[in-house]
Structure formats: C-alpha cells, structure tokens
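Me: I have a model open and would like to understand the labels attached to it. Could you go through them with me, one by one?

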Amino acid sequence: MKTKAGMAGVAMMTLALAGCWSSWDAGARNHMGSGQHMGGGQRMGGQAVSVDPIARGGRGYDKWWAEYGLAEPKQTHPSYPAIGKAKGSGTWRCKECHGWDYLGRDGAYKAGSHATGIIGIRAAAGKTAGEIEKTLTDQTHRYGELLPAEALGQIARFVSEGQIDMSTSIGADRAAMGNAHNGRQTFEAQCSACHGNDGREIDFNAGGDKPEFVGTLARDNPWEALHKLRNGQPGESGPGQSSAAAARRHHHHWVMPPMRERLTVQQQADLLAHLQSLPAK
C-alpha cells in the first residue's frame with residue numbers, strides 16, 4: 001500500500017434511525033428476521049451507542065479526532081501532496097486521499113478539489129490488521145504519533161474487513177444500483193421518524209448558505225452517504241460522542257446506529273436509491 005496520507009472537510013450527515021433505539025431494534029428485527037446478527041451496540045445511560053470496532057474504524061477513517069475524542073491537528077500533514085487543495089486538519093482525514101469510495105486517484109477523487117494523485121485502499125482489503133497498522137504508523141502516514149493503539153487497531157480492521165466494492169452499489173453516473181421501492185420501506189420503518197417523510201427534517205448544513213438533507217448528500221456524494229450509512233457519523237455513533245450529538249438528544253431524535261451489519265449491502269443500496277429520490281433542497 002504505497003500511499004501518502006491526508007484528509008479534508010466534507011458535509012456532515014446523520015443518516016437513518018436516530019430515534020428511539022428500541023423502535024429501531026424492533027423494526028430491524030422485523031425487517032431482517034430475529035435470527036440475524038444485529039451488530040455491536042449497547043445502551044450507556046439510556047443512550048444507544050455502537051461498539052462495533054470495524055464500524056468505529058470506519059468512522060475513524062472519516063474523521064478520527066471526532067470519533068476518538070482526540071485533539072484536532074492544526075498543521076497540514078507533512079506528507080500531503082503539493083497538488084492537493086486542502087489545508088490543516090482536513091489533510092489528516094484518511095478519506096481525503098483515499099476517497100469515500102476507497103479508490104483514491106482511480107475513483108471519484110481522480111479529479112477535482114480532492115484530487116491528490118494517491119492510490120486507494122482497496123488493495124489492502126484482506127491484509128492483516130498488523131500489516132495495515134505498520135503502514136498507518138510509518139513515516140509517510142505518521143498516525144502513531146497522534147492515535148492510541150485502540151484507534152489504530154480499529155481503523156486497520158476497517159481497512160482490512162470493513163470495505164466494500166462500492167461500484168456494485170453505485171454506478172459511474174452516481175445513481176444507486178438498488179430498488180428504490182424496497183428502500184422506501186426501509187426508510188419509512190427506520191429513518192423517517194428523524195429525517196421526516198421527505199428527508200428534510202434535519203439540515204446537515206444548518207446555518208449555512210445552502211441546506212443539505214439526506215437527499216442532497218445521496219445525490220451529490222453517494223459514496224459518502226453509503227460510507228456513513230454503513231458506519232455512522234464520527235463522534236455521534238459511538239462512546240466518545242461530541243457535544244453536538246449530546247445536544248441533539250434534546251431534539252426528537254437519538255444518534256444513528258451504523259447499518260453495516262443491520263442491513264445487507266443490497267438493502268443499503270436500495271435505501272440509497274430511495275434517498276436519491278428525496279428532495280435535495
């Protein structure tokens with residue numbers, strides 16, 4: 001995995017059920033069958049949190065300091081390519097060089113504001129976590145200087161075990177390769193309580209110039225939408241929750257659980273297809 005590291009800002013998303021955990025659990029069991037694995041989760045002080053280490057690693061791949069409650073880097077990553085346009089903490093996000101689709105220069109980031117010329121992580125899928133940790137802590141990546149062993153191990157496990165080939169779920173035209181009708185059923189059962197029937201109950205860009213709803217993100221960046229649908233939102237889906245996530249407990253919803261093990265990949269694609277049919281503004 002001959003890569004350089006670097007990572008940049010992107011729109012926030014809190015997808016799917018963030019309401020009552022018991023409602024999610026009941027609905028998911030009805031949807032999947034009571035015999036299927038429901039993934040790692042537990043209640044802490046009444047708050048449902050994800051303790052699935054692979055999902056946490058996926059959130060670390062997204063924005064590790066938010067997920068693990070660490071200090072946000074201030075300086076640009078020393079290995080971030082000169083051709084890149086990001087600066088500061090954004091250059092430390094794994095996704096910024098390797099992409100939401102995990103393809104780096106061979107995927108959605110082959111051109112545009114996030115292009116760095118760095119390869120993706122797909123070739124690392126299936127390698128041992130130990131091998132991947134060596135790469136994460138080498139002189140190019142330098143994560144051993146900032147991340148504890150737990151975080152390094154979980155991100156390594158995500159790279160090894162948690163990736164999927166997104167080209168089987170999202171076409172070159174950004175359209176989800178799923179059944180929107182089936183996805184609508186999942187959305188209505190698991191997501192609409194928080195996101196609203198039209199997906200516009202939560203604005204991820206509240207206070208900004210342009211609103212961003214689940215429909216907006218699903219159309220504009222379906223790879224990010226699918227990654228977060230599968231793994232959750234950094235700092236909001238797990239034990240080290242942010243103050244913003246805590247504040248949302250006073251709204252009508254809880255934080256979203258990752259759906260990596262709750263829905264099959266095809267069900268995730270179906271849900272994404274429905275999300276792309278929702279209003280973008």
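What follows is a chat about those labels and the values behind them.

Reply: Happy to. This is a predicted model, so local features need pLDDT of at least 70 and side-chain atom pairs count only at pLDDT 80 or more, while totals for chains, interfaces and linings use all residues. Residues are numbered from 1 along each chain as its sequence is written, and side-chain values use heavy atoms, with hydrogens and water left out.

Me: How do you know what counts as a helix or a strand in the protein, and how many of each are there?

Reply: Helices are DSSP runs of H or I with at least four residues, strands are runs of E with at least two, and both are numbered from the N terminus. By that rule the protein has 11 helices and two strands. Their order along the sequence is α-β-β-α-α-α-α-α-α-α-α-α-α.

Me: What makes Tyr 61 and Phe 158 an aromatic pair, and of which kind?

Reply: Rings of Phe, Tyr and Trp (the six-membered ring for Trp) pair if their centres lie within 6.5 Å; planes under 30 degrees apart are stacked, over 60 edge-to-face, and the rest tilted. The centres of Tyr 61 and Phe 158 are 5.4 Å apart and their planes meet at 50°, so this pair is tilted. Since Tyr 61 sits in helix α2 and Phe 158 in helix α5, the pair ties together parts 97 residues apart in sequence.

Me: And what kind of pair do Trp 64 and Trp 65 form?

Reply: Trp 64 and Trp 65 are edge-to-face, with 5.2 Å centre to centre and 90° between the planes. Both Trp 64 and Trp 65 are buried. Together with Trp 92 and Tyr 143 they form one aromatic cluster. The whole structure holds six aromatic pairs.

Me: What makes a set of residues a nonpolar core, and which residues have the most contacts inside the largest one?

Reply: A nonpolar core is a set of buried Ala, Val, Leu, Ile, Met, Phe, Trp, Tyr and Cys residues joined through side-chain atoms within 4.5 Å. The largest has 45 residues, and Trp 64, Tyr 143 and Leu 271 have the most contacts inside it. Helices supplying at least two residues each include α2 (53–68), α4 (129–136) and α11 (265–275), while α5 gives the most, with six. In soluble globular proteins, nonpolar side chains tend to be buried together.

Me: How do you know what Ala 156 touches?

Reply: Contact means heavy atoms within 4.5 Å. Leaving out residues up to four places away in sequence, Ala 156 touches Ala 129, Ile 132, Glu 133 and Leu 136. Ala 156 is found in helix α5, and its C-alpha atom is 5.0 Å from that of Ala 129, 27 residues away along the chain. Ala 156 has a relative accessible area of 0%, so it is buried.

Me: Why is α9 called mostly covered?

Reply: Of the 10 residues of α9, 10 are buried. What covers them includes α2, α5, α8 and α11. Just after α9, Gly 232 takes a positive phi of about 100°.

Me: What makes a space a pocket, and how much space lies in the largest one?

Reply: On a 1 Å grid over the protein atoms alone, a pocket is an open set of points with protein on both sides within 12 Å along at least five of seven lines, whereas a cavity is a set where a 1.4 Å probe fits but cannot get out; lining residues have an atom within 4 Å of a point. Grid points are joined across faces, edges and corners, and the volume is the space filled by probe spheres set on them. The largest pocket comes to about 350 Å³. It is lined by 22 residues, and the closest to its centre are Arg 174, Leu 217, Asp 220, Asn 221 and Glu 224. Helix α8 gives the most to this lining, with three residues.

Me: How is the lining of the largest pocket divided by residue type?

Reply: Ala, Val, Leu, Ile, Met, Phe, Trp, Tyr, Cys and Pro count as nonpolar, Asp, Glu, Lys and Arg as charged, and the others, Gly among them, as polar. On that basis the lining of the largest pocket has 10 nonpolar, five polar and seven charged residues.

Terms used. Buried means under 20% relative accessible area, exposed over 50%, partly exposed in between (1.4 Å probe, protein chains only).
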